[in-house]
Amino acid sequence: MAEFFDALTDKHIAFIEAQPVFFTATAAAEGRINLSPKGYADSFKIFSERRVAYLDLGGSGNETHAHLAADGRITIMFCAFDRSALILRLYGRGRAVLPQDAEWQEVARAFTLLPGTRQIFVIDIDSVQTSCGWGVPRMELVEERGTLQKYHRQADPAEWTEKFKARNRSIDGLPTRPTDRYIAGETEGADA
């Protein structure tokens, strides 16, 4: 049975911190619904019981950014793949914080920046839902994939910046604000 909460509890926070993967879903008024899996240790941060954020690396598109700029709604889902079944969803409104934004330094300080970081999504939670998760299969994490970080580490910073500046539209033609500089990783960029 599903239960709703106005904010995260300590039990919710402990559950989120134990999950190696989460999923994001966004949509604008028209066009495709975007659903993306996300990973990497420590890429999701809880700022308070009503605010969370996650680190976003450059990829094939920028649908989440476009949808949040157009509509703002986002759902984040965590589900347990171990013995204790549970699904936890965060419903809220989000926005992108880019390296060129005034609040970048403050928001980025909470993260260990990874090679190719293009933005951080900050989400204000409207509600939290938990449900049983009994239909989710049990699986074990073998390891994180290093391919995306390796790709970004090997990139020429000037070419990377130009490539991602050119990605200023979603699949459905919605505008995005592209990242204006390459982030090499670690804490670089947090104090820039």
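Analyst: The account below covers the pocket and then a salt bridge.

This is a predicted model in which local features need pLDDT of at least 70 and side-chain atom pairs count only at pLDDT 80 or more, while totals for chains, interfaces and linings use all residues. Residues are numbered from 1 along each chain as its sequence is written, and side-chain values use heavy atoms, with hydrogens and water left out.

The largest pocket holds about 1000 Å³ of space. Its lining has 40 residues, and V21, P37, K38, G39 and Y40 are the closest to its centre. A pocket here is an open set of points on a 1 Å grid over the protein atoms alone, where a 1.4 Å probe fits, with protein on both sides within 12 Å along at least five of seven lines; lining residues have an atom within 4 Å of a point. At least two lining residues come from each of β3 (33-38), β5 (51-57), α2 (63-70), β8 (117-131) and α4 (147-153); helices (H or I, at least four residues) and strands (E, at least two) are DSSP runs, numbered from the N terminus. By class, the lining comprises 17 nonpolar, 14 polar and nine charged residues.

K38 also forms a salt bridge with D56, at 3.5 Å from N to O. Such a bridge is a side-chain nitrogen of Lys or Arg within 4 Å of a carboxyl oxygen of Asp or Glu. Because K38 lies in strand β3 and D56 in strand β5, the pair ties together parts that are 18 residues apart in sequence. D56 is buried at 4% relative accessible area, and K38 is likewise buried at 19%, buried meaning under 20% (1.4 Å probe, protein chains only).

Notes. Grid points are joined across faces, edges and corners, and a volume is the space filled by probe spheres set on the points. Ala, Val, Leu, Ile, Met, Phe, Trp, Tyr, Cys and Pro count as nonpolar, Asp, Glu, Lys and Arg as charged, and the others, Gly among them, as polar. Buried means under 20% relative accessible area, exposed over 50%, partly exposed in between (1.4 Å probe, protein chains only).
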